[in-house]
Amino acid sequence: MIKKILLIDLDGVLNEYNGSYDKNFIPKIKKGAKSFLKKLNNEYELHLYTTRNLLLASKWLIENDLDKFFKDVTNIKTPAYLYIDDRTVCFSGDYEKTIEDVRNFQVYWK
Ligand SMILES: [Mg+2]
């Protein structure tokens, strides 16, 4: 069975990112992240998406015992069934609503 691909963002989704970006350090794993990935991994093929250095991100996955859940680590928005990201607006077909959503957007961790 071919699993649908989910492209999952790193910062703010799988870790405790709070907006203070340090290119050499990835914040600690977010509580519940491992079980979240384990559940999704049963039904979907998971790819990690990050703008960070891919070697650093891969090391972080291994250190947190999460590497087994991912088929790929990429900094390119590759084709996927869905994207899971903390900084996104879901387009529902309504441009005016989308403009409002952009203007009113707030990340959950702020
Ligand atoms: Mg993010």
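Q: Buried means under 20% relative accessible area, exposed means over 50%, and partly exposed is in between. Which of these classes does Ile29 belong to?
A: Keep in mind that this is a predicted model. Ile29 is found in the loop between strand 1 and helix 1. Its relative accessible area is 25%, and since the cut-offs are 20% and 50%, Ile29 counts as partly exposed.

Q: Which residues does Ile29 contact, leaving aside its neighbours within four places in sequence?
A: Tyr44 is 15 residues from Ile29 in sequence, with 21 Å between the two C-alpha atoms. Contact means heavy atoms within 4.5 Å. On that basis, the partners of Ile29 are Leu14, Asn15, Glu16, Lys34, Trp60, Asn64 and Leu66.

Q: In what order do the elements of the protein chain run from the N terminus on?
A: Let's step back to the whole chain. The protein chain has three helices and four strands. Reading from the N terminus on, they are arranged as β-α-β-α-β-β-α.

Q: Which residue in strand 4 is the bridge partner of Leu7?
A: Strand 1 also runs parallel to strand 4 (residues 82-84), with three bridges joining them. Leu7 takes part in this pairing, and its bridge partner in strand 4 is Tyr83.

Q: Which residue in strand 3 is the bridge partner of Tyr49?
A: Strand 2 and strand 3 run parallel, joined by four bridges. The chain gets from strand 2 to strand 3 through helix 2, in a right-handed β-α-β crossover. Within strand 3, Tyr49 has as its bridge partner Thr74.

Q: Is Thr74 buried or exposed?
A: Thr74 sits in strand 3 and touches Leu7, Leu48, Tyr49, Thr50 and Leu54, not counting residues up to four places away in sequence. Its side chain also reaches the backbone nitrogen of Ile76 at 2.9 Å. The relative accessible area of Thr74 is 6%, and because the cut-off is 20%, Thr74 is buried.

Q: How many residues apart in sequence are the parts that Asp11 and Asp86 tie together?
A: The magnesium ion is coordinated by Asp9 (OD), Asp11 (O) and Asp86 (OD), at 2.0 to 2.2 Å. Asp11 lies in the loop between strand 1 and helix 1, while Asp86 lies in the loop between strand 4 and helix 3 (95-103), so the parts that this pair ties together are apart in sequence by 75 residues.

Q: Which residue has a positive phi although it is not a glycine?
A: Most residues other than glycine have a negative phi. The one to look at here is found in the loop between helix 2 (54-63) and strand 3 (70-74). With a phi of about 60°, it is Asp65.

Q: What percentage of the residues of the protein chain count as buried?
A: The accessible surface comes to about 7,600 Å², and 54% of it belongs to carbon and sulfur atoms. The C-alpha atoms fill a box of roughly 45 × 40 × 25 Å, taken along the principal axes. Of the 110 residues of the protein chain, the share that counts as buried is 30%.

Definitions and conventions. Residues numbered from 1 in each chain as written. Predicted model: local features only at pLDDT ≥ 70, side-chain atom pairs only at ≥ 80, totals over all residues. Heavy atoms only, no water. Pairing = 2+ DSSP bridges. Helix = DSSP H or I, 4+ residues; strand = E, 2+ residues; numbered from the N terminus. Donors = N, O, S within 2.8 Å, 3.2 Å for Na, K, Ca; no water. Buried < 20%, exposed > 50% of the residue type's maximum accessible area, 1.4 Å probe, protein only. Polar contact = N/O pair within 3.5 Å; in protein donor to acceptor, adjacent residues only side chain to side chain. Right-handed = clockwise from strand over helix to strand, strands pointing away. Areas by Shrake-Rupley, 256 points an atom, 1.4 Å probe, with all protein chains shown as cover.
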